[in-house]
Amino acid sequence: MGLLVRLRKEWFIIGIVLVILSAKLQPDVGVKGGPLKPEVTVSYIAVSLIFFNSGLSLKTEELTSALLHVRLHLFVQSFTLLFFPVAVWLLLRVLEFTPIDQWLLRGCVLQTVSCMPPPVSSAVILTKAVGGNELGSSSSVPFSSIFSQLFMTVVVPLILGQVCRRFLRDFLERKKPPFSTVSSCVLLMIIYTTFCDTFSNPNIELDPTSLLLVVLIIFCLQISFMLLTFILSTRSNSGFSPADTVAIIFCSTHKSLTLGIPMLKIVFAGYEHLSLISVPLLIYHPSQILLGSVLVPSIRSWMSNRQKVGLVLSFHRSLRFWL
């Protein structure tokens with residue numbers, strides 16, 4: 001019984017493995033021009049559906065309230081979108097002298113990990129589990145077409161989702177549709193078609209040694225950055241509460257698979273190495289959940305102890321004031 005519960009809980013990660021295996025067995029189904037017609041169904045419909053679903057599920061009032069945590073947001077966004085990319089870019093300069101597959105490195109350090117935004121789901125779920133503060137390669141790139149497609153398939157569906165939510169809010173809160181499940185199923189389709197392109201191309205091979213090294217690099221990055229955010233947010237003059245620190249640890253170091261894969265599909269459309277660029281993000285997603293889940297009890301215990309110490313110090317200050 002415990003195994004079945006565990007399998008249901010980790011169905012998405014299992015699904016990723018299954019769709020990659022399916023793509024290996026039947027790559028012709030999901031290639032460009034194949035029965036699934038991914039150049040239309042994935043590039044436009046599937047990606048738009050994910051972001052429309054996100055806009056429909058995000059509570060506008062919670063987003064507005066979260067904006068008031070200015071210092072916390074500045075720390076998280078600065079770390080994940082500025083410090084993270086710069087730090088791993090420097091690491092890439094060193095790793096270029098190693099035999100690791102260069103396309104895996106580009107995916108690991110530049111595109112699919114360091115430049116991705118933090119996820120709404122896993123970071124918030126882990127933060128909530130602890131009891132923390134829930135923040136509610138050179139090539140010619142056609143920037144104009146990329147930005148126009150990003151606008152039409154990301155920004156517009158997201159705005160439409162928020163507009164529709166205003167009219168359907170009562171219904172959505174009453175029925176609680178499975179937004180996350182819908183997006184995950186669509187994402188599995190995107191991952192499937194991405195790897196169909198790879199396995200249908202005989203010139204692309206995935207080096208097992210490079211893959212293992214990338215897995216090791218990703219785990220080291222996550223542990224190092226979680227430790228760094230913990231140290232920075234717990235300094236005496238940081239001004240962050242223990243609950244804020246928990247949010248910072250998870251939100252600053254996690255990267256979004258749901259947003260990342262569709263964006264890569266747009267930005268690197270037509271690249272024969274797209275799947276290799278995507279692999280590190282596919283590794284990063286389960287590893288951040290696994291590592292976060294393992295650390296939840298320890299972080300929860302630390303936060304509880306810090307809050308108790310804070311209450312005692314506050315009581316002593318009040319007592320000295322009145323005496």
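Accessible areas come from the Shrake-Rupley method with a 1.4 Å probe, and for residues only the protein chains shown count as cover. With that in hand, let's start with the whole chain. Its accessible surface comes to about 17,600 Å². Of that surface, 69% belongs to carbon and sulfur atoms.

A word on the source. This is a predicted model, where local features need pLDDT of at least 70, side-chain atom pairs count only at pLDDT 80 or more, and totals for chains, interfaces and linings use all residues. Residues are numbered from 1 along each chain as its sequence is written, and side-chain values use heavy atoms, with hydrogens and water left out.

Now the fold. How many helices and strands does the protein chain have? The count is 14 helices and 0 strands. Helices (H or I, at least four residues) and strands (E, at least two) are DSSP runs, numbered from the N terminus. How much of the chain is buried? Of its 323 residues, 43% are buried. Buried means under 20% relative accessible area, exposed means over 50%, and partly exposed is in between, with a 1.4 Å probe and protein chains only.

Next, the record. An unreviewed UniProt entry lists "transmembrane region" for residues 41–58, 70–92, 141–160, 181–200 and 212–233. UniProt positions are given in the numbering used here, feature names are shortened, and annotations may be inferred rather than shown by experiment. Take two of those spans in the model. Residues 41–58 are 94% helix and 0% strand, with end C-alpha atoms 24 Å apart. Residues 181–200 are 95% helix and 0% strand, and there the end C-alpha atoms lie 29 Å apart.

On to helix H11, residues 208–233. The expected span of a helix is 1.5 Å times one less than its number of residues. H11 has 26 residues, so it should span 38 Å. Its end C-alpha atoms are 38 Å apart, which agrees. Several H11 residues are buried, among them Val214, Ile218, Leu221 and Phe225.

What about cysteines? A disulfide is a covalent bond between the sulfur atoms of two cysteines. The search here takes a pair of cysteine sulfur atoms within 2.5 Å. Across the whole structure, it finds 0 disulfides. Is cysteine 251 buried or exposed? Cysteine 251 counts as buried, because its relative accessibility is 8%. Cysteine 220 counts as partly exposed, at 41%.

Now two lysines in loops. Lysine 37 sits between helix H3 (27–30) and helix H4 (38–57). Its phi is near 50°, a positive value in a residue other than glycine. Lysine 37 is partly exposed, with a relative accessible area of 40%. Lysine 176 sits between helix H9 (143–175) and helix H10 (179–199). Lysine 176 is not a glycine either, and its phi is positive, about 50°. At 62% relative accessible area, lysine 176 is exposed.

Leucine 82 lies in helix H6, residues 70–95. Leucine 82 is exposed, with a relative accessible area of 55%. Leucine 82 and serine 114 are 32 residues apart in sequence, and 8.9 Å apart in space, C-alpha to C-alpha. Then isoleucine 159, found in helix H9. Isoleucine 159 is partly exposed, because its relative accessible area is 48%.
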